[in-house]
Amino acid sequence: MLRIAATRTRVGAARITRRNASTNVAVQNIETRWKTLSTAEQNTIAKQLEEAQKADWKTLSLEEKKAAYYIAFGAHGPREPITKPGHNMKVLAGIGGVIAASAALFYAIRIGGQETPHTVSKEWQEATNEYLKSQNSNPVSGISSEGYKGTGYVTKY
């Protein structure tokens, strides 16, 4: 009985070594080779690893474990990053360009614009205050109220 158990163990170990030898070649550096493989080869490797994972995980080599993880969770297919390296700098440069262009447009419009309107002058604002007092505008809390101490419509322009 001991002899039968030892024979079974050696046969099982031989199967595991044969399986490991065949899949190790296919899964070495899978992260770098995955995109260059055809869909059929990718499916074959995935199925081989799926079958290997059904056995005891202690028998899997480190390369097989890495390959299984990459196939399940790696940055390929729908999990591939949308942006490439350096994309943030392009976005930042674009935003800076738009802000610079809008500032240039603003100052160009300001230079080409007219002077301040005549209604902003201090004399006009004082005349507006007098007119509103004569019309008794806002008699409760405004410029026509008793004891009003505000400046009214006169600003520091």
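Reply: Helices are DSSP runs of H or I with at least four residues, strands are runs of E with at least two, and the numbering starts at the N terminus. With that in hand, let's look at the segment after helix H6 (122-134), which is the place of Ser145.

First, some ground rules. This is a predicted model, where local features need pLDDT of at least 70, side-chain atom pairs count only at pLDDT 80 or more, and totals for chains, interfaces and linings use all residues. Residues are numbered from 1 along each chain as its sequence is written, and side-chain values use heavy atoms, leaving out hydrogens and water.

Now for Ser145. Is Ser145 buried or exposed? It's buried, because its relative accessible area is 13% (buried means under 20%, exposed over 50%, partly exposed in between, with a 1.4 Å probe and protein chains only). Leaving aside residues up to four places away in sequence, Ser145 touches Asn138, Pro139 and Val140 (a contact means heavy atoms within 4.5 Å). Look at Gly142 too: its backbone oxygen is 2.7 Å from a polar atom in the side chain of Ser145.

One of those neighbours, Asn138, deserves a stop. Asn138 also lies in the segment after H6. Its relative accessibility is 43%, so Asn138 counts as partly exposed. Most residues other than glycine have a negative phi.

Asn136 is found in the segment after H6 as well, and phi there is near 60°, again a positive value in a residue other than glycine. Asn136 has 46% relative accessibility, so it counts as partly exposed. Put together, this segment holds a buried Ser145, a partly exposed Asn138 and a partly exposed Asn136.

How far can you trust the picture? The chain has a mean pLDDT of 81, with 83% of its residues at 70 or more (pLDDT is the predictor's confidence in each residue, from 0 to 100).

Notes:
Polar contact = N/O pair within 3.5 Å; in protein donor to acceptor, adjacent residues only side chain to side chain.
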